[in-house]
Amino acid sequence: MNIILLAPPAAGKGTQAELLEKKYHLHHLSTGDLLRKSASREDDFGKKIKNILENGVLVSDEIIFQLLDNFMEENKNKNLLFDGFPRNIHQAKHLEKILNKKNDKLNFVFLLEVEKEILKKRITGRRCCKQCGSLYNINIESLKPKIESICDQCGGNLFQRSDDNEQSFETRYEEYLDKTSALIDYYQKKQLLYHIQADKSKEDVFQELSEIIEKERVL
Ligand code: AP5
C-alpha cells in the first residue's frame, strides 16, 4: 500500500504520518525532515539548503530526486507513506515512473484541507522534539507538552523550526497554491484523491483516514 499526504503547510501531514506509520507499518518519507537534516550540516550544501528552507521556497527537483532514490533503494518492497512529496507535477510523474518500474502503484492520495487562518495559528505554535521528532503545539490545549519545552514521549528538548514564522509561512503557502495545488486535479483525474476535512482534532482526522483505508481493504 502506498499513500501520499498532500496538504498546505501545517495542515497535519507529519502528525498524521506519525499515526499512520505505526498503525499500518508504513515506511515514511518526509522530504522536509530529510532536508532539515541536511540543513543542520555545516558544509556548503547544508548552508544552501538552510537558506532555501528559511525562505520558504521549494528545493530543486534534482535534490529531491536524490533523496527519493536513496529512500526507495532502502525501502524495497515496503508499504510507503509520502509526506511533503510530490510537490509539483514533475515530481508526481517521476514517482509514478519509479513505482511502475517496480510493478507497484499508488493507492491513496489524502488531501488534508484546512483554512489559511488556522494554518497560521498551527505554524506559530508548533514545537518539535530534537530527539524523536514528536510534534506539539503550544497554541492548542490538547497538543501542549505536559512539561513546557520537554517531549512527553522521550524527555528530549523541544524546539521551534526556523521556517515557522509568519513571513516564511506566507511564501510556503503561496508556493503550495502556485505549484503543489495542481496535484489536486492531477490525482482527482486518476481517481486517487480523497478530500479530508482536517480542521478537526488529530484523532478525528486519523479516524477518517483509517476508515477510508480499511474500507478499501488494500491491507
Ligand atoms: P515540510 O517539512 O514538508 O513543510 P510543510 O509542507 O510546510 O509542512 P509542515 O511540516 O509545516 O506541516 P505539516 O503538514 O507536516 O503539519 P504538522 O503535522 O507538523 O517542508 C519544509 C520545506 O522543505 C518546504 O518549505 C520546502 O522548502 C522543502 N521541501 C520539502 N519537500 C519538498 C519537495 N518535495 N520539493 C521541494 N521542496 C521541498 O502540524 C503542524 C502543527 O499543527 C503541529 O504543531 C501539530 O501539532 C499541529 N496539528 C496537527 N494536526 C492538528 C489538528 N488536527 N488540530 C490541531 N493542531 C494540529
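Here are some questions and answers about the helices and aromatic rings of a predicted model.

Colleague: What should I know before reading the values?
Modeller: This is a predicted model, in which local features need pLDDT of at least 70, side-chain atom pairs count only at pLDDT 80 or more, and totals for chains, interfaces and linings use all residues. Residues are numbered from 1 along each chain as its sequence is written, and side-chain values use heavy atoms, with hydrogens and water left out.

Colleague: How far apart are the end C-alpha atoms of helix α4?
Modeller: Helices are DSSP runs of H or I with at least four residues, strands are runs of E with at least two, and both are numbered from the N terminus. The expected span of a helix is 1.5 Å times one less than its number of residues. For the 14 residues of α4 (residues 61-74) that should give 20 Å, and the distance agrees: 20 Å.

Colleague: Which residues of α3 are buried, and on which side or sides?
Modeller: Buried means under 20% relative accessible area, exposed over 50%, and partly exposed in between (1.4 Å probe, protein chains only). Gly46, Ile49, Ile52 and Leu53 are buried in α3. The arc, taken from the directions from the helix axis to the C-beta atoms, is only 130° for them, so they lie on the same side of α3.

Colleague: What do the buried residues of α3 pack against?
Modeller: Contact means heavy atoms within 4.5 Å. By that rule, the partners of the buried residues of α3 are α2, α4 and α7 (166-180).

Colleague: At what angle do α5 and α8 pack?
Modeller: Axes are lines fitted to C-alpha atoms, for helices over the stretch in contact, and angles run from 0 to 180 degrees between N-to-C directions. Ile89, Ala92, Lys93 and Glu96 in α5 meet Ala182, Leu183, Tyr186 and Tyr187 in α8. The axes are 10 Å apart, and the angle is about 35°.

Colleague: How many aromatic pairs does the structure hold?
Modeller: Rings of Phe, Tyr and Trp (its six-membered ring) pair if their centres lie within 6.5 Å; planes under 30 degrees apart count as stacked, over 60 as edge-to-face and the rest as tilted. Phe82 and Phe85 form a tilted pair, 6.0 Å centre to centre with 55° between the planes. The number of aromatic pairs in the structure is seven.

Colleague: Why is the pair of Phe108 and Tyr194 classed as it is?
Modeller: Phe108 is in strand β4 and Tyr194 in strand β8, 86 residues apart. Their ring centres are 5.5 Å apart and their planes stand at 55°, so the class is tilted.
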